[in-house]
Amino acid sequence: MPVVKVELVGKQDAAVKKELMEYIAEQISTVSNTPLQNIYVFINEWDAENVLRKDPVITLDWVAKPDRDAAVKAEIMKNVVNKLEELTGIDKSGIPFLITDLPPDSVSVGGVARGCSQPK
């Protein structure tokens with residue numbers, strides 16, 4: 001259940017945001033073999049007066065799995081940052097992308113922890 005948050009300064013066109021969200025979901029699905037329906041993508045737009053540094057920040061939180069190795073992460077990060085630069089014109093050299101691997105017992109769907117058996 002990957003959850004991606006893209007924090008941007010200023011407003012972007014709705015079509016740009018939609019294309020970016022779909023691209024992010026497709027990249028994660030393709031590169032990590034995750035079903036599209038399990039991927040969540042959110043975009044937050046901040047007023048410049050509420051942000052110290054103007055570069056976007058991308059975070060990806062997901063359940064740690066052995067096949068989500070450094071190569072998978074690197075490919076996702078590279079592709080998403082390149083697409084963000086292409087769509088917005090923001091220089092990618094200052095865009096941080098943070099990935100958090102969560103232990104399965106720290107994630108639940110429908111109130112059921114991924115790393116635990118069903119309660120009786």
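The structure is a predicted model, in which local features need pLDDT of at least 70 and side-chain atom pairs count only at pLDDT 80 or more, while totals for chains, interfaces and linings use all residues. Residues are numbered from 1 along each chain as its sequence is written, and side-chain values use heavy atoms, with hydrogens and water left out.

The protein chain holds two helices and six strands, where helices (H or I, at least four residues) and strands (E, at least two) are DSSP runs numbered from the N terminus. Read from the N terminus, these elements follow the order β-α-β-β-α-β-β-β. Along the principal axes, the C-alpha atoms fill a box of roughly 50 × 30 × 25 Å. Of the 120 residues in the protein chain, 32% are buried; buried means under 20% relative accessible area, exposed over 50%, and partly exposed in between (1.4 Å probe, protein chains only). The accessible surface amounts to about 7200 Å², and carbon and sulfur atoms account for 53% of that surface. These areas come from the Shrake-Rupley method with a 1.4 Å probe, and for residues only the protein chains shown count as cover. Among contacts (heavy atoms within 4.5 Å) between residues at least 6 apart in sequence, 73% join residues at least 24 apart.

At the start of H1, a side-chain oxygen of Asp13 comes to within 3.0 Å of the backbone nitrogen of Ala15. Just after H1, Asn33 adopts a positive phi of about 55°. Buried residues of H1 include Val16, Leu20, Tyr23, Ile24, Gln27, Ile28 and Val31. An α-helix has 3.6 residues a turn, so residues three or four places apart point the same way. The cover over the buried residues of H1 includes strand S1 (3–9), strand S2 (40–46), S3 and H2.

The whole structure contains eight salt bridges, each defined as a side-chain nitrogen of Lys or Arg within 4 Å of a carboxyl oxygen of Asp or Glu. In one of them, Lys17 pairs with Glu45, with the closest N and O atoms 3.0 Å apart. This pair links distant parts of the chain, since Lys17 lies in helix H1 and Glu45 in strand S2, 28 residues apart. Glu45 counts as partly exposed, at 21% relative accessibility. Glu22 and Lys18 are four residues apart in the helix, so about one helical turn separates them. Glu22 is partly exposed at 39% relative accessibility. Arg53 and Asp55 also form a salt bridge, their closest N and O atoms being 2.7 Å apart. Arg53 counts as exposed at 58% relative accessibility, whereas Asp55 is partly exposed at 24%. Through shared partners, salt bridges join Lys11, Lys17 and Glu45 into one network.

Arg68 sits in the loop between strand S3 (57–63) and helix H2 (70–88). Arg68 is buried yet has no salt bridge, and the nearest side chain of opposite charge, Asp67, is 5.1 Å away. Here Lys and Arg count as positive and Asp and Glu as negative, while His and the chain ends are not counted. Leaving aside neighbours within four places in sequence, Arg68 is in contact with Pro2, Ser32, Thr34, Trp62, Val63 and Lys73.

Conventions: Polar contact = N/O pair within 3.5 Å; in protein donor to acceptor, adjacent residues only side chain to side chain.
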